[in-house]
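Thank you all for coming; I would like to take a few minutes to walk through one model with you.

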Amino acid sequence: MNFSYVSTVCPFCSTGCSFNLAVRDGAVMAEGPYHRSPVNDGKTCPKGGHYAYEMLSGKERIYSPPLIRKDGVLTECSWEEARACITMKYKEYAGPEIAVIASAHATNEDIYALKRLAEILETDNFTSPQQWALMPLQGVSLTLPMRTASL
């Protein structure tokens, strides 16, 4: 049995809090404080300190091959085939017709990647709950520019 602690940065916001992951045989088992962190001195918020490590092995993660619709039926396919299908579908729309909305559960890195995707798709229609400090987006225009913290 191989056991170690790995220090890492919390993925949930741009503050940069650090904590340790307890890793056994390559699988994350728990989270613990990283007291030498100059940002948070081993303390984390409830979201980062208790749930960040669960994202790595959560039941919501995609472990099976993707599905695409062939002749009206959802069929397993390769990741390359799924990407090709998505690329073909995107070409049917112009930039202003596309909106990119990030999940409230997305990490900073996810949001940054989605913002870059929106730029590649030439759309300004991008938003994320991080933009509004995790507040509901009722009545908010989706055409406002979004910025993420630098990596």
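This is a predicted model: local features need pLDDT of at least 70, side-chain atom pairs count only at pLDDT 80 or more; totals for chains, interfaces and linings use all residues.

Residues are numbered from 1 along each chain as its sequence is written, and side-chain values use heavy atoms, with hydrogens and water left out.

The protein chain has 4 helices and 7 strands, where helices (H or I, at least four residues) and strands (E, at least two) are DSSP runs numbered from the N terminus. Along the sequence they follow the pattern β-β-β-α-α-β-β-α-β-α-β. Of its 151 residues, 28% count as buried, which is to say under 20% relative accessible area, with exposed meaning over 50% and partly exposed in between (1.4 Å probe, protein chains only).

Let me turn to the hairpin. Strand β2 (residues 18-24) and strand β3 (residues 27-33) run antiparallel and are joined by 6 bridges, two strands being paired if DSSP finds at least two bridges between them. Between β2 and β3 there are 2 residues, and D25 in the turn has a positive phi of about 50°, while V23 is placed opposite V28 in β3.

S18, in strand β2, is buried, with a relative accessible area of 11%. Which residues does S18 contact, leaving aside its neighbours within four places in sequence? They are T8, V9, Y34, S37, N40 and T44, contact meaning heavy atoms within 4.5 Å. The C-alpha atoms of S18 and S7, 11 residues apart along the chain, are separated by 6.9 Å.

A search of the whole structure finds 1 aromatic pair, and that pair, F3 with Y5, is edge-to-face, at 5.5 Å centre to centre and 85° between the planes. Rings of Phe, Tyr and Trp (its six-membered ring) pair if their centres lie within 6.5 Å, and planes under 30 degrees apart count as stacked, over 60 as edge-to-face and the rest as tilted. F3 is partly exposed at 47% relative accessible area, whereas Y5 is exposed at 57%.

Finally, the largest pocket has a volume of about 350 Å³. On a 1 Å grid over the protein atoms alone, a pocket is an open set of points where a 1.4 Å probe fits, with protein on both sides within 12 Å along at least five of seven lines, and lining residues have an atom within 4 Å of a point. Of the 12 lining residues, the closest to the centre are E54, M55, E60, R61 and H105.

Methods: Grid points are joined across faces, edges and corners, and a volume is the space filled by probe spheres set on the points.
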